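This report concerns the protein chain displayed below. Please consult the sequence and the structure alongside the text.

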Amino acid sequence: NMLGLGFTVYLCELVGVLYPGYQSFRAIESAGSKDDTQWLTYWVVYAFVHAIEDVVIFVLEWIPFYYEFKLLFLLWLSIPQFQGATLLYTEFVKPFLIAHKDQIAPWMKTTEGFLENPALPMATNLVQKYGPEVAQKALEYAAEAVEDVVEDVQENLSGKAVKQRREYIYVQACFLHAIIGTC
C-alpha cells in the first residue's frame with residue numbers, strides 16, 4: 001500500500017462522501033438545477049457501487065492497491081468535468097434499474113415500511129441508553145415472540161403472505177442488528 005491503508009481509506013471517504021456531500025449542499029443552495037442533477041446522479045451511482053462493494057469487499061481487499069484504485073475511481077466519479085457518474089448512470093445503472101424495477105420495488109416497499117416502523121426510534125434509544133448487550137438480548141426475545149406470532153397466523157395466511165411477512169421480519173432483524181453493531 002503506497003499511501004498507508006488508514007490514510008488511503010480516509011482519502012476515499014473525503015473524496016467519495018465529504019466532498020460530494022458539500023458539493024450537494026452547494027447545489028441545493030444554488031439557483032440552477034444542472035448541478036442538482038450532477039450530484040443526484042453521483043449519489044445514485046455511489047449507492048449502487050457501494051452496495052456492490054459491500055457484498056464483495058472481502059475479495060476486493062486482497063487486490064494490491066485496491067484503495068488507491070478506489071480513490072482514483074471516486075475522483076473520476078465525483079469531479080464534474082470527468083462526467084464519470086453520468087457515464088456510469090447512463091450506461092449501466094439506469095438500464096439495470098429499469099430492467100429490474102419489478103424485482104426491486106417489493107424490497108423498497110419493505111424497506112419503506114421498516115423505516116416508518118415506530119419501533120426504530122425505540123430500538124435506537126434502547127442501544128443508546130442501555131448499550132448493545134441489553135439491546136441484543138431484547139432483540140433475541142423480540143425475534144422469538146415474532147416467530148410465535150408468525151406461527152399462530154400461518155394457518156390464516158396464504159403461502160405468499162407468510163413468505164412476505166418473514167422477509168419483512170428478516171429485514172427488520174438485520175437492521176436492528178446493524179444498529180446495535182452485531183453484524
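## Overall fold

The model is predicted. The protein chain contains 8 helices and 0 strands, so that its elements run α-α-α-α-α-α-α-α from the N terminus on. Of its 183 residues, 25% count as buried.

Among contacts between residues at least 6 apart in sequence, 62% join residues at least 24 apart. The accessible surface of the protein chain comes to about 12700 Å², and carbon and sulfur atoms account for 66% of that surface.

## Helix α4

Helix α4 covers residues 84-99, 16 residues in total. At 1.5 Å a residue this helix should span 22 Å, and its end C-alpha atoms are 22 Å apart, which agrees.

The buried residues of α4 are Gly84, Ala85, Leu88 and Val93. Their cover includes α2 (34-60) and α3 (66-78).

## Nonpolar core

The largest nonpolar core comprises 17 residues. Those with the most contacts inside it are Cys12, Tyr42, Val45, Leu71, Leu74, Leu77 and Ala85. Helices α1 (5-29), α2, α3 and α4 each supply at least two residues of this core.

Leaving aside residues up to four places away in sequence, tyrosine 42 touches Val15, Gly16, Pro20, Leu74, Leu77, Ser78 and Ala85. Tyrosine 42 counts as buried because its relative accessibility is 0%, under the 20% cut-off.

## Aromatic pairs

The count of aromatic pairs comes to 10. One of them joins tryptophan 39 and tyrosine 42 in an edge-to-face arrangement, 5.6 Å centre to centre with 65° between the planes. These two residues are 3 residues apart in helix α2 and are therefore separated by about one helical turn. An α-helix has 3.6 residues a turn, so residues three or four places apart point the same way. Tryptophan 39 is buried, with a relative accessible area of 5%. Ring pairs also link Tyr19, Trp39, Tyr42, Trp43 and Tyr46 into a cluster.

Tyrosine 42, at 0% relative accessibility, is likewise buried. A further edge-to-face pair is formed by phenylalanine 48 and phenylalanine 96, at 5.4 Å centre to centre and 70° between the planes. This pair links distant parts of the chain, with phenylalanine 48 in helix α2 and phenylalanine 96 in helix α4, 48 residues apart. Phenylalanine 48 is partly exposed, with a relative accessible area of 23%, and phenylalanine 96 counts as partly exposed at 35% relative accessibility.

Conventions:
Residues are numbered from 1 along each chain as its sequence is written. This is a predicted model: local features need pLDDT of at least 70, side-chain atom pairs count only at pLDDT 80 or more; totals for chains, interfaces and linings use all residues. Side-chain values use heavy atoms; hydrogens and water are left out. Helices (H or I, at least four residues) and strands (E, at least two) are DSSP runs, numbered from the N terminus. Buried means under 20% relative accessible area, exposed over 50%, partly exposed in between (1.4 Å probe, protein chains only). Contact means heavy atoms within 4.5 Å. Accessible areas come from the Shrake-Rupley method with a 1.4 Å probe; for residues, only the protein chains shown count as cover. The expected span of a helix is 1.5 Å times one less than its number of residues. A nonpolar core is a set of buried Ala, Val, Leu, Ile, Met, Phe, Trp, Tyr and Cys residues joined through side-chain atoms within 4.5 Å. Rings of Phe, Tyr and Trp (its six-membered ring) pair if their centres lie within 6.5 Å; planes under 30 degrees apart count as stacked, over 60 as edge-to-face and the rest as tilted.
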